[in-house]
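Colleague: I want to learn how to read a model like this one. Take me through it feature by feature.

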Amino acid sequence: MSNTISYVYGNNLYLNITNRCMMACPYCIKHKWSNDFRGNDLKLDKEPTVREVIESIGDPKKYDEIIFCGYGDALVKPEETAEISKWIKDNGGKVRINTAGLANRCHGKNILPLFKGLVDAISISLNGTNPKEHNELNRPMFQEESFDEIIKFAKLAKEYIPTVVITAVKLPGLDTSKIEQMAKDAGAHFRLRPYLDEKEN
C-alpha cells in the first residue's frame, strides 16, 4: 500500500486527497483496476494533510491544470479542498474539481461559495438519464434522490465557478445524448468520457 497524493497524466497534475466517495459505482476503475491507475497506486493508507498535498505539488505553473481527481471525491473534504485551491491559485495555477455532484446534500449546506475565485472549472459526473437508471448504475449515497440533487448542484455551481461541465461515461446501453441535452438545459458544457474496461497495458 502506498500514499500517492499527486500524479502526472499528460500535461496535468492530479490530486488524490481521499478515497472516500458519495458513489459506489461498480464500473469504477478503482475496483476493476485494483487502485492501480497507469502505474500509480492510488489507495491511501491515510488521507494527506493540506500541507502534505501542497508539498506534493511543486510549482503549479508547470501544469495546464491541477485537478482534484483521485480514487475518491475531494468534495467530501470541502474546506481542505478550498484551502489547497487557494494556494494553487495564489501560485499561478489553474484548478479543476471532478466530483459526483452530491456535496451539498452530503454536507447539508451549499459548499460552493467556498470556491468562488479559487476554482476555474468543475466537472460533474452524471451517468444516468433518470433517477432509477442513475441509482442502478452508480449506487449513490442518496439513492434515487441523487439524480435531481446533481442537476441542482450543476445549476448552482454556475454562480460560483466559471466553467461547469457535466460529464457522462460511455457505458454500454447508456443514452448519453439525453445527458448531453440535460447538460445544455442546465446551462453547462458536456463532455463524453471513455468507458475504461480492460486494464491498459
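Colleague: What should the 12 residues of helix α6 span at 1.5 Å a residue, and how far apart are its end C-alpha atoms?

Modeller: This is a predicted model. The expected span is 1.5 Å times one less than the number of residues. Helix α6 covers residues 146-157, so it should span 16 Å. Its end C-alpha atoms are 16 Å apart, which agrees.

Colleague: Which residues of α6 are buried?

Modeller: Buried means under 20% relative accessible area. In α6 that gives Ser146, Phe147, Glu149, Ile150, Ile151, Phe153, Ala154 and Ala157.

Colleague: What do the buried residues of α6 pack against?

Modeller: Strands and helices both. The strands are β6 (95-99), β7 (121-125) and β8 (163-169). The helices are α4 (103-107), α5 (131-138) and α7 (176-185).

Colleague: Now His134. Is it buried or exposed?

Modeller: His134 belongs to helix α5. Its relative accessibility is 0%, so it counts as buried.

Colleague: Which residues does His134 touch, beyond those up to four places away in sequence?

Modeller: Ser146, Phe147 and Ile150 are among them; these three are also buried residues of α6.

Colleague: Where is Ala100?

Modeller: Ala100 lies in the loop between β6 and α4. With a relative accessible area of 6%, Ala100 is buried.

Colleague: What is Ala100 in contact with, leaving aside neighbours within four places in sequence?

Modeller: Met23, Asp73, Ile124, Ser125 and Ile150. For C-alpha atoms, Ala100 and Leu126 are separated by 7.3 Å, at 26 residues apart along the chain.

Notes
Residues are numbered from 1 along each chain as its sequence is written. This is a predicted model: local features need pLDDT of at least 70, side-chain atom pairs count only at pLDDT 80 or more; totals for chains, interfaces and linings use all residues. Side-chain values use heavy atoms; hydrogens and water are left out. Helices (H or I, at least four residues) and strands (E, at least two) are DSSP runs, numbered from the N terminus. Buried means under 20% relative accessible area, exposed over 50%, partly exposed in between (1.4 Å probe, protein chains only). Contact means heavy atoms within 4.5 Å.
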